[in-house]
Amino acid sequence: MTTTLGAFVLGTPDPPAPADFYRALLGWQEVDREPAWVRLRAPEQERPGLSFQLETAHTPPVWPQRAGTQQMQAHLDLQVDDLEAETERARALGATLEEHQPQKDVRVLRDPHGHPFCLFLPGA
(Lines give C-alpha, C1' and ligand atoms only; values in the text may rest on other atoms or scores of the structure.)
Protein backbone atom coordinates (compact mmCIF):
# COMPACT_ATOMS: atom_id res chain seq x y z
CA MET A 1 0.00 0.00 0.00
CA THR A 2 1.22 3.51 -0.83
CA THR A 3 0.28 6.63 1.09
CA THR A 4 0.51 10.03 -0.58
CA LEU A 5 -0.55 13.53 0.35
CA GLY A 6 -3.96 14.20 -1.20
CA ALA A 7 -4.54 17.78 -0.11
CA PHE A 8 -3.75 20.44 2.42
CA VAL A 9 -6.86 22.01 3.99
CA LEU A 10 -7.09 25.49 5.51
CA GLY A 11 -9.94 26.51 7.82
CA THR A 12 -11.48 29.91 7.14
CA PRO A 13 -14.68 31.86 7.84
CA ASP A 14 -15.17 32.38 4.06
CA PRO A 15 -13.76 29.51 1.92
CA PRO A 16 -14.24 31.19 -1.50
CA ALA A 17 -12.16 34.27 -0.58
CA PRO A 18 -8.80 32.59 0.19
CA ALA A 19 -9.46 30.06 -2.60
CA ASP A 20 -9.67 32.94 -5.08
CA PHE A 21 -6.42 34.37 -3.67
CA TYR A 22 -4.48 31.08 -3.96
CA ARG A 23 -6.01 30.27 -7.36
CA ALA A 24 -4.60 33.55 -8.67
CA LEU A 25 -1.27 33.22 -6.83
CA LEU A 26 -0.59 29.61 -7.88
CA GLY A 27 -2.36 29.57 -11.25
CA TRP A 28 -4.32 26.52 -10.12
CA GLN A 29 -7.79 25.39 -11.18
CA GLU A 30 -10.91 25.26 -9.09
CA VAL A 31 -12.39 21.76 -8.84
CA ASP A 32 -15.24 22.22 -6.33
CA ARG A 33 -16.96 25.33 -4.96
CA GLU A 34 -19.65 25.39 -2.32
CA PRO A 35 -20.24 28.00 0.39
CA ALA A 36 -18.49 25.80 2.98
CA TRP A 37 -15.84 24.10 0.78
CA VAL A 38 -13.57 24.95 -2.15
CA ARG A 39 -10.91 22.69 -3.68
CA LEU A 40 -8.04 23.73 -5.99
CA ARG A 41 -5.55 21.65 -7.96
CA ALA A 42 -2.61 22.20 -10.28
CA PRO A 43 -3.64 22.23 -13.96
CA GLU A 44 -1.66 19.09 -14.89
CA GLN A 45 -2.32 16.93 -11.84
CA GLU A 46 -5.23 15.85 -9.69
CA ARG A 47 -3.35 15.69 -6.37
CA PRO A 48 -2.09 17.07 -4.11
CA GLY A 49 -4.64 19.84 -3.88
CA LEU A 50 -5.34 22.81 -1.69
CA SER A 51 -8.76 23.04 -0.06
CA PHE A 52 -10.59 25.54 2.13
CA GLN A 53 -13.27 24.56 4.63
CA LEU A 54 -15.68 26.68 6.62
CA GLU A 55 -14.58 27.34 10.20
CA THR A 56 -16.71 30.14 11.55
CA ALA A 57 -14.57 30.53 14.70
CA HIS A 58 -11.24 30.69 12.85
CA THR A 59 -8.57 32.73 14.65
CA PRO A 60 -5.42 33.55 12.66
CA PRO A 61 -2.14 32.59 14.35
CA VAL A 62 0.35 35.06 15.76
CA TRP A 63 3.71 35.48 13.99
CA PRO A 64 6.29 35.25 15.34
CA GLN A 65 4.89 32.82 17.85
CA ARG A 66 4.40 33.95 21.43
CA ALA A 67 3.31 31.93 24.45
CA GLY A 68 -0.37 32.28 25.30
CA THR A 69 -1.47 33.18 21.75
CA GLN A 70 -2.94 31.24 18.85
CA GLN A 71 -0.03 29.17 17.55
CA MET A 72 0.80 28.54 13.92
CA GLN A 73 0.24 24.82 13.48
CA ALA A 74 0.99 24.75 9.75
CA HIS A 75 1.83 27.01 6.85
CA LEU A 76 2.46 26.74 3.12
CA ASP A 77 5.96 27.01 1.64
CA LEU A 78 5.82 28.17 -1.99
CA GLN A 79 8.97 28.08 -4.12
CA VAL A 80 9.47 31.03 -6.49
CA ASP A 81 12.09 32.06 -9.05
CA ASP A 82 12.03 35.78 -8.23
CA LEU A 83 11.45 36.50 -4.54
CA GLU A 84 10.90 40.25 -4.80
CA ALA A 85 8.60 40.09 -7.85
CA GLU A 86 6.48 37.28 -6.39
CA THR A 87 6.29 39.03 -3.02
CA GLU A 88 4.92 42.13 -4.73
CA ARG A 89 2.51 40.05 -6.84
CA ALA A 90 1.21 38.30 -3.70
CA ARG A 91 0.74 41.69 -2.02
CA ALA A 92 -1.14 42.99 -5.08
CA LEU A 93 -3.46 39.99 -4.74
CA GLY A 94 -4.19 40.88 -1.10
CA ALA A 95 -1.39 39.31 0.96
CA THR A 96 0.33 41.23 3.73
CA LEU A 97 4.05 41.09 4.39
CA GLU A 98 5.04 40.21 7.95
CA GLU A 99 7.46 42.51 9.76
CA HIS A 100 9.51 39.60 11.16
CA GLN A 101 11.43 37.80 8.40
CA PRO A 102 13.52 34.79 9.54
CA GLN A 103 15.86 34.48 6.53
CA LYS A 104 17.04 36.63 3.63
CA ASP A 105 15.85 34.13 0.96
CA VAL A 106 12.38 33.66 2.51
CA ARG A 107 9.41 36.03 2.78
CA VAL A 108 6.69 35.39 5.35
CA LEU A 109 3.30 36.74 4.29
CA ARG A 110 -0.33 36.25 5.24
CA ASP A 111 -3.19 35.54 2.89
CA PRO A 112 -6.29 37.76 3.12
CA HIS A 113 -7.68 35.62 5.99
CA GLY A 114 -4.48 35.61 8.05
CA HIS A 115 -3.00 32.22 7.14
CA PRO A 116 0.80 32.50 7.07
CA PHE A 117 2.69 31.31 4.02
CA CYS A 118 6.30 31.59 2.90
CA LEU A 119 7.75 32.38 -0.48
CA PHE A 120 11.28 31.01 -0.87
CA LEU A 121 14.03 30.73 -3.46
CA PRO A 122 15.44 27.35 -4.54
CA GLY A 123 18.08 26.27 -2.05
CA ALA A 124 16.64 28.27 0.83
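## Surroundings of T12 and the overall chain

Leaving aside residues up to four places away in sequence, T12 touches P18, F52, Q53, L54, E55, H58, H113 and H115. The model is predicted. T12 is part of strand β1, which covers residues 7-12. With a relative accessible area of 0%, T12 falls under the 20% limit and is therefore buried. One of the residues touched by T12 is H113, and the side chains of T12 and H113 make a polar contact at 2.4 Å.

The chain as a whole contains two helices and eight strands. Read from the N terminus, its elements follow the order β-α-β-β-β-β-α-β-β-β. The radius of gyration is 15 Å, close to the 14 Å from the globule rule for 124 residues, so the chain is as compact as a globular protein of that length. Along the principal axes, the C-alpha atoms fill a box of roughly 35 × 35 × 35 Å.

Further values for the chain are listed here.

| Property of the chain | Value |
|---|---|
| Buried residues among the 124 residues | 37% |
| Contacts joining residues at least 24 apart, among those between residues at least 6 apart in sequence | 50% |
| Accessible surface | about 7200 Å² |
| Part of the accessible surface belonging to carbon and sulfur atoms | 50% |

The UniProt record, an unreviewed entry, places the feature "domain: VOC" at residues 4-124.

Terms used
Residues are numbered from 1 along each chain as its sequence is written. This is a predicted model: local features need pLDDT of at least 70, side-chain atom pairs count only at pLDDT 80 or more; totals for chains, interfaces and linings use all residues. Side-chain values use heavy atoms; hydrogens and water are left out. Helices (H or I, at least four residues) and strands (E, at least two) are DSSP runs, numbered from the N terminus. Buried means under 20% relative accessible area, exposed over 50%, partly exposed in between (1.4 Å probe, protein chains only). A polar contact is a pair of N or O atoms within 3.5 Å; within protein, one must be able to donate a hydrogen and the other to accept it, and residues adjacent in sequence count only if both atoms are side-chain atoms. Contact means heavy atoms within 4.5 Å. UniProt positions are given in the numbering used here, feature names are shortened, and annotations may be inferred rather than shown by experiment. The radius of gyration is taken over C-alpha atoms; the globule rule is 2.2 Å times the number of residues to the power 0.38. Accessible areas come from the Shrake-Rupley method with a 1.4 Å probe; for residues, only the protein chains shown count as cover.
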